[in-house]
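Work through the exercises below with the sequence and the structure in view. Each task is followed by a solution in steps.

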Amino acid sequence: MSIEAVKEFFARRGLADRVREFDVSSATVELAAQALGCEPRRIAKTLSFMGPQGPLLVVAAGDARIDNPKFKARFAAKAKMLTPDQAVELVGHAVGGVCPFAVREGVQVYLDESLKRFDTVFPACGSANSAIELTIPELEACAAPVGWVDVCKGWNDPA
């Protein structure tokens, strides 16, 4: 059901032909990168949390990790991830396919600064075997985020 909602979402924007479905799982950053043949850092993973006003999503680069002090400073709450059941119930997508598209009403979406270094990224499309390549402006337009945040670490560490 979830991927169908996302396909419909992209069809309304003329982008349905860009949704890719795989014969293999893309449920983790590593699996998605293998399925797409790209660097793991270009996977736009969507992390789901319970915030003070309800569920919130942070879309971040595949090599980024939540920085708990930054998260707490930005959202005035501890970074508490949704359980798999909560993700389906509150966001509308199952873990492994959570994305910022076709989400339930009231879900707040934020894009992390870790994404800005790429021309294009690959978010999931509502299932554990799907993705779409979007430019950062397309991601902004489609995800309709509340805004950009800086709540991750690890992605800009010197090599």
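A residue counts as buried when its relative accessible area is under 20%, and as exposed when that area is over 50%. The model used here is predicted.

**Exercise 1.** Decide whether phenylalanine 71 is buried or exposed, and do likewise for phenylalanine 75.

Solution.
- Step 1. Phenylalanine 71 has a relative accessibility of 0%, so this residue counts as buried.
- Step 2. Phenylalanine 75 has a relative accessibility of 7%, so phenylalanine 75 counts as buried too.

**Exercise 2.** Classify the aromatic pair formed by phenylalanine 9 and phenylalanine 10, and state how accessible each partner is.

Solution.
- Step 1. Two rings pair if their centres lie within 6.5 Å. For phenylalanine 9 and phenylalanine 10 the distance is 5.2 Å centre to centre.
- Step 2. Planes over 60 degrees apart count as edge-to-face. Here the angle between the planes is 80 degrees, and the pair is edge-to-face.
- Step 3. Phenylalanine 9 is buried because its relative accessibility is 7%. Phenylalanine 10, at 0%, is buried as well.

**Exercise 3.** Classify the pair of phenylalanine 71 and phenylalanine 75, and explain how the two residues are placed along their helix.

Solution.
- Step 1. The ring centres of phenylalanine 71 and phenylalanine 75 are 4.8 Å apart.
- Step 2. Their planes meet at 50 degrees, so this pair is tilted.
- Step 3. Both residues belong to helix 3 (residues 68–75), where they are four residues apart; therefore about one helical turn separates them.
- Step 4. Phe71 and Phe75 also belong to one aromatic cluster, together with Phe49 and Tyr110. The structure holds six aromatic pairs.

**Exercise 4.** Which residue lies over the face of phenylalanine 9, and which lies over the face of tryptophan 148?

Solution.
- Step 1. Over phenylalanine 9 lies arginine 13, at 3.6 Å from the ring centre.
- Step 2. Over tryptophan 148 lies lysine 116, at 4.6 Å from the ring centre.

**Exercise 5.** Describe the largest pocket: its space, its lining residues and their classes.

Solution.
- Step 1. The largest pocket holds about 350 Å³ of space.
- Step 2. Its lining has 25 residues, and Ala27, Lys45, Thr46, Gly96 and Val98 lie nearest the centre.
- Step 3. Two or more lining residues come from each of helix 2 (29–36), strand 2 (43–51), strand 6 (120–123) and strand 7 (130–131). Strand 2 gives the largest share, six residues.
- Step 4. Sorted by class, the lining has 16 nonpolar, eight polar and one charged residues.

Terms used. Residues numbered from 1 in each chain as written. Predicted model: local features only at pLDDT ≥ 70, side-chain atom pairs only at ≥ 80, totals over all residues. Heavy atoms only, no water. 1 Å grid on protein atoms, 1.4 Å probe; cavity = no way out; pocket = protein on both sides within 12 Å on 5 of 7 lines; lining within 4 Å. Points joined across faces, edges and corners; volume = space filled by probe spheres on them. Nonpolar A, V, L, I, M, F, W, Y, C, P; charged D, E, K, R; others polar. Phe/Tyr/Trp six-rings, centres within 6.5 Å; stacked < 30°, edge-to-face > 60°. Buried < 20%, exposed > 50% of the residue type's maximum accessible area, 1.4 Å probe, protein only. Lys NZ or Arg CZ within 6 Å of the ring centre and 35° of its normal.
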